[in-house]
Amino acid sequence: MSPGEKPDPLPDNFILQPPVFHPVVPYVTTIFGGLRAGKMVTLQGVVPLDARRFQVDFQCGCSVHPRPDIAIHFNPRFHTTKPHVICNTLYLERWQAEARWPRLGLQRGASFLILFLFGNEEMKVSVNGQHFLHYRYRLPLSRVDTLGIFGDILVEAVGFLNINPFAEGGIEYPVGYPFLLKSPSLEVPCSRALPKGLWPGQVIVLRGLVLPEPKDLTLSLRDEAAHVPVTLRASFADRTLAWIAPWGCKKLISAPFLFYPRRFFEVLLLCQEGGLKLALNGQGLGATGVHRQVLEQLRELRISGSVQLYCVHC
């Protein structure tokens with residue numbers, strides 16, 4: 001793409017907002033495109049030892065006077081004799097009837113990963129991989145366009161994702177796959193061992209940011225003999241995404257090209273009987289056939305190209 005050329009317009013559901021690392025609390029940010037069913041917000045951090053309370057607000061705007069409506073107010077409280085979580089809705093500067101959940105899954109001094117999953121009628125919340133609560137919407141989810149984080153919390157990362165389109169065995173929540181912070185192992189090229197190969201149900205997750213002047217991105221799977229039976233390549237020169245066979249044959253993938261400079265992306269590969277299913281930014285894009293014996297003999301995942309990596313999981 002030439003310096004003055006603009007990216008092709010992408011469908012909204014293909015665009016992901018970049019994560020935010022170590023924001024200073026209180027922290028307020030716009031949610032690009034607002035919230036809708038199928039979105040997921042992840043919150044990584046640590047609860048301070050002297051924490052009394054913190055809150056995560058999904059707001060309808062960011063005005064100060066009058067105070068904006070808050071569609072979802074998530075408020076863990078640690079200073080009471082029985083720590084708990086309050087959820088509520090603020091409408092026209094008046095709080096509605098609060099909902100309370102005991103047995104708080106967060107602890108002072110401990111790290112956490114919270115997932116906020118937004119469905120058609122309610123939000124579900126998991127803490128460290130365990131379901132914690134669900135809260136039915138009292139205001140339209142489409143009105144939410146702002147995230148606010150306040151109180152006693154050390155935030156390491158905030159992620160804005162689409163819910164994993166793969167069932168992952170029918171579990172209630174997708175695995176959170178936290179962002180890895182300041183890890184030298186995420187330098188590109190990056191390699192990850194697959195000591196037992198790939199098996200049905202295993203998911204490979206790759207998240208990152210495209211560099212300002214990109215050339216390509218290559219994800220390859222190799223066996224013990226350094227053969228490369230599976231390669232996924234994004235070419236920035238001709239804006240194509242393709243599977244590359246070991247003998248060099250290219251199979252183009254029909255999808256909007258989303259790897260543009262300074263854009264955040266997520267690649268998911270789900271191993272299944274007879275091949276790999278692909279999703280980009282939470283949108284399923286079909287599969288490629290790979291024999292099960294070949295998948296079992298894979299031993300390395302290698303990523304190279306013009307990207308900065310935030311998460312690699314396999």
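**Figure 1. Contacts across the whole predicted model.** Take the contacts between residues at least 6 apart in sequence: 66% of them join residues at least 24 apart. The model shown here is predicted. The protein holds 1 helix and 24 strands. Its radius of gyration is 21 Å, close to the 20 Å that the globule rule gives for 314 residues, so the protein is as compact as a globular protein of that length. Along the principal axes, the C-alpha atoms fill a box of roughly 65 × 45 × 35 Å.

Figure 2. Of the 314 residues, 51% are buried. The accessible surface comes to about 15200 Å². Carbon and sulfur atoms account for 53% of that surface. The protein carries 32 positive and 25 negative side chains. The centres of these two sets lie 3 Å apart.

**Figure 3. Gln17, a buried residue in the segment before β1**. Strand β1 spans residues 20-21, and Gln17 is found in the segment before it. The relative accessible area of Gln17 is 6%; buried means under 20%, so Gln17 counts as buried. What does its side chain reach? Another is the backbone nitrogen of Phe32, at 2.8 Å. Leave aside the neighbours within four places in sequence, and Gln17 is in contact with Thr29, Thr30, Ile31, Phe32, Phe160 and Phe264.

**Figure 4. The loop between β1 and β2, with His22 and Pro26**. His22 sits in this loop. Its phi is near 50 degrees, a positive value in a residue other than glycine. Most residues other than glycine have a negative phi, and most peptide bonds are trans. Is His22 buried, partly exposed or exposed? With a relative accessible area of 41%, His22 is partly exposed, because that value falls between the 20% and 50% limits. The peptide bond from Val25 to Pro26 is cis, with omega near 5 degrees.

**Figure 5. A cis peptide bond at Pro189**. Pro189 is placed in the loop between β13 (154-162) and β14 (190-193). The bond to look for runs from Val188 to Pro189. This peptide bond is cis, and its omega is near 5 degrees.

**Figure 6. Asn128, a residue with positive phi**. Asn128 lies in the loop between β10 (122-127) and β11 (130-136). Asn128 is not a glycine, yet its phi is positive, at about 50 degrees. Its relative accessibility is 43%, so Asn128 counts as partly exposed.

**Figure 7. Tyr137 and its partners**. Tyr137 is located in the loop between β11 and β12 (146-151). At 17% relative accessibility, Tyr137 counts as buried, because the limit is under 20%. Which backbone atoms does its side chain meet? A polar atom of the Tyr137 side chain lies 3.0 Å from the backbone oxygen of Gly119. The side chain also reaches the backbone oxygen of Glu122, at 2.9 Å. Not counting residues up to four places away in sequence, Tyr137 touches Ile72, Phe118, Gly119, Asn120, Glu121, Glu122 and Met123.

**Figure 8. Tyr137 and Thr240, a pair separated by 40 Å**. These two residues are 103 residues apart along the chain. The 40 Å separation is taken between their C-alpha atoms.

Terms used:
Residues are numbered from 1 along each chain as its sequence is written. This is a predicted model: local features need pLDDT of at least 70, side-chain atom pairs count only at pLDDT 80 or more; totals for chains, interfaces and linings use all residues. Side-chain values use heavy atoms; hydrogens and water are left out. Helices (H or I, at least four residues) and strands (E, at least two) are DSSP runs, numbered from the N terminus. Buried means under 20% relative accessible area, exposed over 50%, partly exposed in between (1.4 Å probe, protein chains only). A polar contact is a pair of N or O atoms within 3.5 Å; within protein, one must be able to donate a hydrogen and the other to accept it, and residues adjacent in sequence count only if both atoms are side-chain atoms. Contact means heavy atoms within 4.5 Å. The radius of gyration is taken over C-alpha atoms; the globule rule is 2.2 Å times the number of residues to the power 0.38. Accessible areas come from the Shrake-Rupley method with a 1.4 Å probe; for residues, only the protein chains shown count as cover. Lys and Arg count as positive and Asp and Glu as negative; His and the chain ends are not counted. The place of a charge is taken as NZ of Lys, CZ of Arg, CG of Asp or CD of Glu.
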